[in-house]
Amino acid sequence: LDLCMPNMDGISFMKAMDSRQIVIPTILLTENNDVTVAFKHALELGAMGIISKCISIDELLKAIKNII
């Protein structure tokens, strides 16, 4: 799930899912390397992780395998 989307950011989307009691394993993506604030909010909403878009395919696959 991207943190920066055209109509709704990733945190707002996660809040909407939470309010509807929808639980989906989620990894947030961000272009920003400083993810501390976003990471805190994402974890509070149940995200399994947050990663930079500058990630290698191997690292992305590893993150996905860790949550399934």
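**Thr-26 and its surroundings**

Author: The side chain of Thr-26 reaches the backbone oxygen of Ile-24 at 2.7 Å. This is listed as a polar contact (a pair of N or O atoms within 3.5 Å; within protein, one must be able to donate a hydrogen and the other to accept it, and residues adjacent in sequence count only if both atoms are side-chain atoms). The model is predicted: local features need pLDDT of at least 70 and side-chain atom pairs count only at pLDDT 80 or more, while totals for chains, interfaces and linings use all residues. Residues are numbered from 1 along each chain as its sequence is written, and side-chain values use heavy atoms, with hydrogens and water left out.

Thr-26 lies in the loop between helix 1 and strand 1. Helices (H or I, at least four residues) and strands (E, at least two) are DSSP runs, numbered from the N terminus. Thr-26 counts as buried because its relative accessibility is 7%; buried means under 20% relative accessible area, exposed over 50%, and partly exposed in between (1.4 Å probe, protein chains only). Leaving aside neighbours within four places in sequence, Thr-26 is in contact (heavy atoms within 4.5 Å) with Leu-1, Met-14, Met-17, Ala-47, Met-48, Gly-49 and Ile-67.

The loop that holds Thr-26 also holds Gln-21, between helix 1 (10-19) and strand 1 (27-30). Gln-21 is exposed, at a relative accessible area of 71%. Its backbone stands out: phi is positive, about 60°, although Gln-21 is not a glycine. Most residues other than glycine have a negative phi.

Ile-51 is found in strand 2 (residues 49-52). Ile-51 and Thr-26 are 25 residues apart in sequence and 11 Å apart in space, C-alpha to C-alpha. Not counting residues up to four places away in sequence, Ile-51 touches Ile-27, Leu-28, Leu-29, Thr-30 and Leu-60.

Next, the one salt bridge. A search of the whole structure finds one, where the term means a side-chain nitrogen of Lys or Arg within 4 Å of a carboxyl oxygen of Asp or Glu. Asp-2 and Lys-53 form it, their closest N and O atoms being 2.7 Å apart. Asp-2 lies in the segment before helix 1 and Lys-53 in the loop between strand 2 and helix 3, so the pair ties together parts that are 51 residues apart in sequence. Lys-53 is partly exposed, at 35% relative accessibility.

For the chain as a whole, the secondary structure comes to three helices and two strands, in the order α-β-α-β-α along the sequence. Buried residues make up 26% of the 68 residues. Of the contacts with a separation of 6 or more, 42% join residues 24 or more positions apart. Along its principal axes, the C-alpha trace spans about 35 × 25 × 20 Å. The chain exposes about 5,000 Å², of which carbon and sulfur atoms supply 58%; accessible areas come from the Shrake-Rupley method with a 1.4 Å probe, and for residues only the protein chains shown count as cover.
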